[in-house]
Amino acid sequence: MKLSEIKSQLKSLTQISFQLPNGELVPSHFHVTEVGKISKHFIDCGGVVRSEEVANFQLWEANDFDHRLHPEKLLNIIELSEENLQIPDLEIEVEYQMKDTIGKFDLQFDGTHFQLISKLTDCLAKDKCGIPPEKLKVKVGEWKAKDSSSCTPNSGCC
């Protein structure tokens, strides 16, 4: 989800909720403690120099059980961040304190909740590392015979 998309969704909401990948909701007294831009400049294991930028939201909860972040307040925070930090319309990455570490998530909207989508690591240079491409897995019974236009016995094509 990009910044423009969350801003559009916030304009039509009366309350904000974030849902974790396991289906649980982030407690409703959460704060968005940071909105920023993260730039990553790196070299992959194949020697290719790369760069990435994301808009970053940090969700945090405390003992402030009466606090509720309203959509117009978050919209204001996002717009101030875009203006003051010169943030373009970037994809959003959300940080949230998990049990033992900070989780990083992509963001989607299902019409009711902003969904925190698990992120996965990956090798960006599989061809250089000798990692074979994934083979297409076909279940027994799903295999289909070739067209009749392919070689058949006595057709003279072989």
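Predicted model: local features only at pLDDT ≥ 70, side-chain atom pairs only at ≥ 80, totals over all residues.
Biologist: Which are the buried residues of α1?

Modeller: In α1 they are Leu-3, Ile-6, Lys-7 and Leu-10. They span an arc of only 100° around the axis, so they sit on the same side of α1. That arc is taken over the directions from the helix axis to the C-beta atoms.

Biologist: What makes Leu-90 count as buried?

Modeller: Buried means under 20% relative accessible area, exposed means over 50%, and partly exposed is in between, using a 1.4 Å probe and protein chains only. Leu-90 has 11%, so it is buried. Leu-90 sits in the loop between α2 and β4. Across the chain, buried residues make up 30% of the 158 residues.

Biologist: Which residues does Leu-90 touch, leaving out those up to four places away in sequence?

Modeller: Contact means heavy atoms within 4.5 Å. By that test Leu-90 touches Met-1, Lys-2, Leu-3, Lys-37, Glu-53, Val-54 and Ala-55. Leu-90 and Ser-4 are 86 residues apart in sequence, with their C-alpha atoms 8.3 Å apart in space.

Biologist: Why is Pro-21 called partly exposed?

Modeller: Its relative accessibility is 47%, so Pro-21 counts as partly exposed. Pro-21 lies in the loop between β1 (18–19) and β2, and it touches Phe-105, Leu-116 and Ser-118, not counting residues up to four places away in sequence. Pro-21 and Leu-116 are 95 residues apart in sequence, yet 6.0 Å apart from C-alpha to C-alpha.

Biologist: And what puts Glu-61 in its accessibility class?

Modeller: Glu-61 has 31% relative accessibility, so it counts as partly exposed. This residue is in the loop between β3 and α2. Setting aside neighbours within four places in sequence, Glu-61 is in contact with Pro-27, His-29, Phe-30 and Tyr-96.

Biologist: How many helices and strands does the chain have?

Modeller: There are three helices and six strands. Helices (H or I, at least four residues) and strands (E, at least two) are DSSP runs, numbered from the N terminus. Along the sequence they give the pattern α-β-β-β-α-β-β-β-α.

Biologist: How do you know how the reach of helix α2 compares with the expected value?

Modeller: The expected span is 1.5 Å times one less than the number of residues. α2 (residues 71–85) has 15 residues and reaches 21 Å from its first C-alpha to its last, close to the expected 21 Å. Its buried residues are Pro-71, Leu-74, Leu-75, Ile-78, Ser-81 and Glu-82. They cover an arc of only 125° around the axis, which puts them on the same side of α2. The face turned away from that buried side carries the exposed residues Glu-72, Glu-83 and Asn-84.

Biologist: How much space lies in the largest pocket?

Modeller: About 560 Å³. Of its 18 lining residues, the closest to the centre are Lys-40, Glu-52, Val-54, Glu-93 and Lys-119. On a 1 Å grid over the protein atoms alone, a pocket is an open set of points where a 1.4 Å probe fits, with protein on both sides within 12 Å along at least five of seven lines, and lining residues have an atom within 4 Å of a point. Volume is the space filled by probe spheres set on the points, which are joined across faces, edges and corners.

Biologist: How do the lining residues of the largest pocket divide?

Modeller: Into eight nonpolar, one polar and nine charged. Ala, Val, Leu, Ile, Met, Phe, Trp, Tyr, Cys and Pro count as nonpolar, Asp, Glu, Lys and Arg as charged, and the others, Gly among them, as polar. In the second largest pocket, of about 170 Å³, the lining divides into five nonpolar, five polar and one charged.

How values were computed:
Residues numbered from 1 in each chain as written. Heavy atoms only, no water.
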